Every structure is written in structure tokens, then in C-alpha cells.
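Please read the following with the model open.

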Amino acid sequence: MRRFFSAPCRLLCVSIEARLAALELENSKLQQQVHMMNQQMQEIKLKDTLEEYCHKPETRLSLDAIVYHCKQEHYSTARFIMREVPIRLASHVKELGELPHGLSMMPSVRKARQQYIDSFAEFVQFKASKPFKNPYRPTREEQEPLMGVVRNVQDRHRSCMQLLAKGVHEFKETLHKATAKDRDEKTETSQEVMILDYPDVQTALDNFYSHRIGTHFLMSQHVAVHNDIKRPTFVGIIDTQMPLAELIQEAASHSKAICTSVYGGSPIVNIRSSPSSELVIEHIPTHVRYILIELLKNSMRAVIENSKKQGITIMSQMPPIEVTFSAGKGYEDACLRVTDSGGGIARSQLKYVWSYLYTTANAFFDLSVEDGKLPLPTTMAGFGYGLPLSRLYARYFGGDLRLMSLEGHGCDAFLHLRLGREQDPNAIVPQDHLIM
């Protein structure tokens with residue numbers, strides 16, 4: 001009897017096992033669909049939250065106001081960071097998504113934008129967890145998780161500058177191919193024509209990078225204040241008594257080292273101040289140092305290459321670079337002038353030195369470079385962002401960077417750093433003044 005029923009039983013078992021396997025497969029598919037639906041709902045919710053934050057106004061404060069508030073005994077930058085950084089991250093996402101002429105669609109730009117979406121989501125989720133019992137006076141222990149979020153955001157965007165520069169390179173390559181196809185021949189669109197044809201690209205990138213400077217300044221200031229590193233003249237990363245002559249000397253030494261690694265030596269740099277100058281000002285040393293190194297590198301390169309054209313190959317025989325600075329009580333700006341005899345630039349070419357679409361160097365993109373902390377430049381010529389970014393750093397707190405050329409002789413670069421003025425430290429100042 002057992003033999004008679006064994007075959008049907010086996011068939012029944014196989015049928016049941018097959019049905020169970022089919023049910024498991026259907027259940028797995030249902031779980032995947034539920035997961036996808038939840039993901040889509042989260043994306044929709046995140047998109048709505050992004051849109052909401054894009055309409056919130058940024059807080060604009062003077063350098064004086066930042067120093068004043070950070071010096072107050074019970075003031076916490078954590079509360080300000082929690083409110084302000086998500087607004088600015090949302091703004092970055094929107095700006096990168098609205099870059100003109102298809103620049104937003106370049107692979108590297110899309111990658112950079114996704115990184116800002118991830119940072120925004122992380123900040124908003126942390127904020128929703130309501131980590132502070134008393135948001136006005138969070139304890140140091142309560143602020144530690146926020147420090148982790150800030151560090152994550154800083155780490156995530158260390159290669160942002162290189163990514164976007166690569167995106168601009170991809171944009172230029174796309175235009176070259178489109179032009180060659182339209183003309184039915186392999187021709188390249190010159191950088192000059194491209195700059196003239198796409199001025200709104202310059203404006204859009206200027207706006208994005210300027211806003212990005214503010215976001216990274218906010219986070220760096222918070223980290224420095226939280227870590228409470230004892231530096232007598234510093235409030236966060238702001239030096240209330242920044243020694244100009246010493247900073248210029250540091251920038252000159254760093255520039256000479258870079259120049260020597262490329263050319264085997266460097267021109268002489270002379271530094272002098274006007275007779276009535278004060279030697280200290282209130283500003284952000286990392287910003288000023290970055291600008292000065294860019295200016296000195298450009299001057300050194302111009303002097304060496306122009307001297308070689310004239311048959312001068314010994315560095316000590318090349319014309320020196322002169323750095324002059326002037327600052328004083330009651331002055332509107334601290335002014336620094338970098339003068340070289342590097343042959344100058346034709347007046348018609350001056351507008352190109354400020355463009356992100358123009359470079360005289362070969363494109364090289366090292367995405368391991370940490371740009372979030374504003375490192376010192378390490379090459380003589382990069383992807384053409386040195387001067388445009390330097391001008392934005394100068395302008396961000398109300399200063400400026402201008403270039404004057406004497407064609408056939410050399411260039412004068414004028415750096416203006418807005419000095420602090422007595423004003424209501426609680427005041428929100430106009431956008432064209434000292435803003436944060």
C-alpha cells in the first residue's frame with residue numbers, strides 16, 4: 001500500500017513546494033514594490049521640503065556682527081547653524097539644477113548636485129529629531145551629534161570644486177562636438193567665442209560659488225567655535241588682529257615653493273607698507289592667504305615666461321614682484337597691490353581672466369583634493385578658477401579684486417578688504433555690504 005501511494009504523495013509535495021516558492025517570489029516582488037513606493041514617497045516629500053526651504057530667506061550678517069555674537073557667553077552657533085545651513089544647501093541644489101545651456105545635465109554637475117541633496121536630507125532629518133532640550137542653550141554633549149553632521153557635509157563636498165570644474169570641461173567638450181557637427185567638419189569653438197556667447201554661465205557660476213563660500217564659512221566658523229581652540233586674537237576662524245605683513249610673507253614663501261618646484265627657482269618678492277599703515281586688521285586669514293597666493297603665482301609665472309622671451313634665465317636677474325599694502329584707522333578698506341613686470345595682458349583679453357570657461361592650462365581633475373577647507377594652491381596653473389574664485393572671496397565680505405594691465409610691461413592687481421565699521425551688531429546689512 002505504501003508503494004501504491006508514494007508516487008502521488010511525492011507529486012503532491014512537489015506541487016506544494018512549487019506553490020510555496022511562487023508565493024515567496026510574489027511576496028518578494030510585493031516587498032520590492034512597497035520599498036519602491038516608500039522610496040518614491042520619500043523622494044516626493046524631500047522634493048517638497050527642498051522647495052519649502054528654497055523660499056526661506058538667508059540671514060545676512062556683517063563680519064562685525066559675527067564676531068560680536070560669537071563672543072557672547074551664552075550665544076550658541078549651533079542654533080543658527082541648524083536654521084541656516086539647510087536653507088543654504090537647498091539653495092545650492094536649486095542653483096545647480098538651473099544652470100543654463102544644459103550645464104546642469106553634465107554628469108559631474110549632476111553628481112555634485114546629488115551630493116548637496118544628500119547633505120540637505122541629512123541636515124533636515126537631524127533637525128527633525130529635535131536633538132536639543134533647550135534650543136537656545138544646547139549643552140556641549142547635545143551638540144556633538146550636530147558636529148558629526150557638519151563633518152559629514154564638509155567631507156561630502158571636499159571635491160565639489162573639482163567636480164564642477166570637470167562639469168564645465170564636459171560642457172565645453174559638448175559644445176565643441178556640437179559645433180563640429182553643425183559645421184560638418186572637425187573644428188573647435190575657441191574659448192573666447194564661448195565666453196562671449198554664454199555670459200549667463202559666468203553669472204550663474206558666480207552666484208553659486210559665492211553662496212557656497214558663505215555655507216562653508218558658516219560651518220567652519222561653527223566647528224572652530226565649538227572646538228574652542230585657544231588662539232588669543234581669533235573668534236572662530238576670524239582673526240580680529242590679522243597681521244598683514246606676516247600673512248603676505250607666508251603667502252610669498254608658499255608661492256615661491258610652488259614656483260621653485262616647477263621652474264627651479266622664483267623671482268624676488270619685495271614687501272612694503274605705506275608709512276601710516278596699521279599692521280593688523282580684522283579678517284579671515286584663510287581667505288586672504290588663498291587670494292594672495294593666487295596673485296603671486298600668476299605674477300611669478302608671467303615674470304619668468306616673459307623674462308625667458310627676453311633671454312633672461314637667471315632668477316635673480318629677473319624683475320622683482322612688489323607687494324605694497326595700506327591700512328589705517330578710519331580707512332574704508334585695507335588695500336594690497338601686487339605689481340609685476342611680466343609683460344601685461346592686452347586690454348581685450350582682460351575680461352577672459354575672470355571666466356570659468358577660460359584657462360591657459362591643460363585640464364586636470366584630482367577629485368581627491370580637499371577643497372572644503374580651502375587648501376593652499378599647490379600648482380602654478382590649474383583649471384582656470386584661481387582668479388574668479390579669488391575675486392569672489394574678496395567680494396564676499398564687501399571687498400574687491402581688480403586687475404590693471406600695462407601691455408608690454410606688466411600688471412597691477414589691487415586687493416581691497418573691507419574693514420570693520422562700528423554699527424549695530426544685530427543689524428542685517430544690505431546684500432552689497434558685509435554679508436555672511
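Is Glu 122 buried or exposed? Glu 122 is buried, with a relative accessible area of 17%; buried means under 20% relative accessible area, exposed over 50%, and partly exposed in between (1.4 Å probe, protein chains only). This is a predicted model, in which local features need pLDDT of at least 70 and side-chain atom pairs count only at pLDDT 80 or more, while totals for chains, interfaces and linings use all residues. Residues are numbered from 1 along each chain as its sequence is written, and side-chain values use heavy atoms, with hydrogens and water left out.

Glu 122 sits in helix H4. Helices (H or I, at least four residues) and strands (E, at least two) are DSSP runs, numbered from the N terminus. Apart from residues up to four places away in sequence, Glu 122 touches Val 149, Asn 152 and Arg 156, where contact means heavy atoms within 4.5 Å. With Arg 156 there is also a polar contact, side chain to side chain, at 2.9 Å. A polar contact is a pair of N or O atoms within 3.5 Å; within protein, one must be able to donate a hydrogen and the other to accept it, and residues adjacent in sequence count only if both atoms are side-chain atoms.

Next comes the nonpolar interior. A nonpolar core is a set of buried Ala, Val, Leu, Ile, Met, Phe, Trp, Tyr and Cys residues joined through side-chain atoms within 4.5 Å. The largest such core has 107 residues, and Phe 123, Leu 146 and Tyr 209 touch the most other members. Helix H8 (residues 199-227) gives the most to this core, with 11 residues. Not counting residues up to four places away in sequence, the contacts of Phe 123 include Ile 81, Val 85, Pro 86 and Leu 89. Leu 146, Val 149, Val 150 and Val 153 are also among the residues that Phe 123 touches.

Helix H2 is largely enclosed by the rest of the structure, because 7 of its 9 residues are buried. These are Leu 63, Asp 64, Ala 65, Ile 66, Val 67, His 69 and Cys 70. They pack against H3, H8, strand E1 (234-235), strand E2 (238-243) and strand E4 (280-283). Cys 70 has a relative accessible area of 16%, and Cys 160 is buried too, with a relative accessible area of 0%. A disulfide is a pair of cysteine sulfur atoms within 2.5 Å, and by this rule the count comes to 0 disulfides.

Ser 104 lies in the loop between H3 and helix H4 (107-128), and at 10% relative accessibility it counts as buried. Its side chain reaches two backbone nitrogens: that of Leu 99 at 2.8 Å and that of Glu 98 at 3.5 Å. Leaving aside neighbours within four places in sequence, Ser 104 is in contact with residues including Leu 96, Gly 97, Val 109 and Arg 110. The C-alpha atoms of Ser 104 and Phe 171 are separated by 9.2 Å, although the two are 67 residues apart along the chain.

Charged pairs come next. A salt bridge is a side-chain nitrogen of Lys or Arg within 4 Å of a carboxyl oxygen of Asp or Glu, and the whole structure holds 11 of them. Arg 418 pairs with Asp 333, the closest N and O atoms being 3.5 Å apart. Arg 418 lies in strand E8 (residues 410-418) and Asp 333 in strand E6 (residues 333-339), so the pair ties together parts that are 85 residues apart in sequence. Both Arg 418 and Asp 333 are buried. Elsewhere, salt bridges that share partners join Glu 58, Arg 83, Glu 84 and Arg 88 into one network. Within it, Glu 58 and Arg 88 meet at 4.0 Å, N to O. This pair links distant parts of the chain, with Glu 58 in the loop between helix H1 (2-54) and helix H2 (63-71) and Arg 88 in helix H3 (residues 77-97), 30 residues apart. In the bridge between Glu 84 and Arg 83, the closest N and O atoms are 2.5 Å apart. Glu 84 is buried at 0% relative accessibility, whereas Arg 83 is partly exposed at 34%.

Last is confidence. pLDDT is the predictor's confidence in each residue, from 0 to 100. The protein chain averages a pLDDT of 83, and 81% of the residues score at least 70. The mean is lowest in helix H7 (residues 191-197), at 65, and highest in strand E7 (residues 400-406), at 97. Over residues 422-436 the pLDDT is below 50. Where pLDDT is low, the predicted coordinates should not be read in detail.
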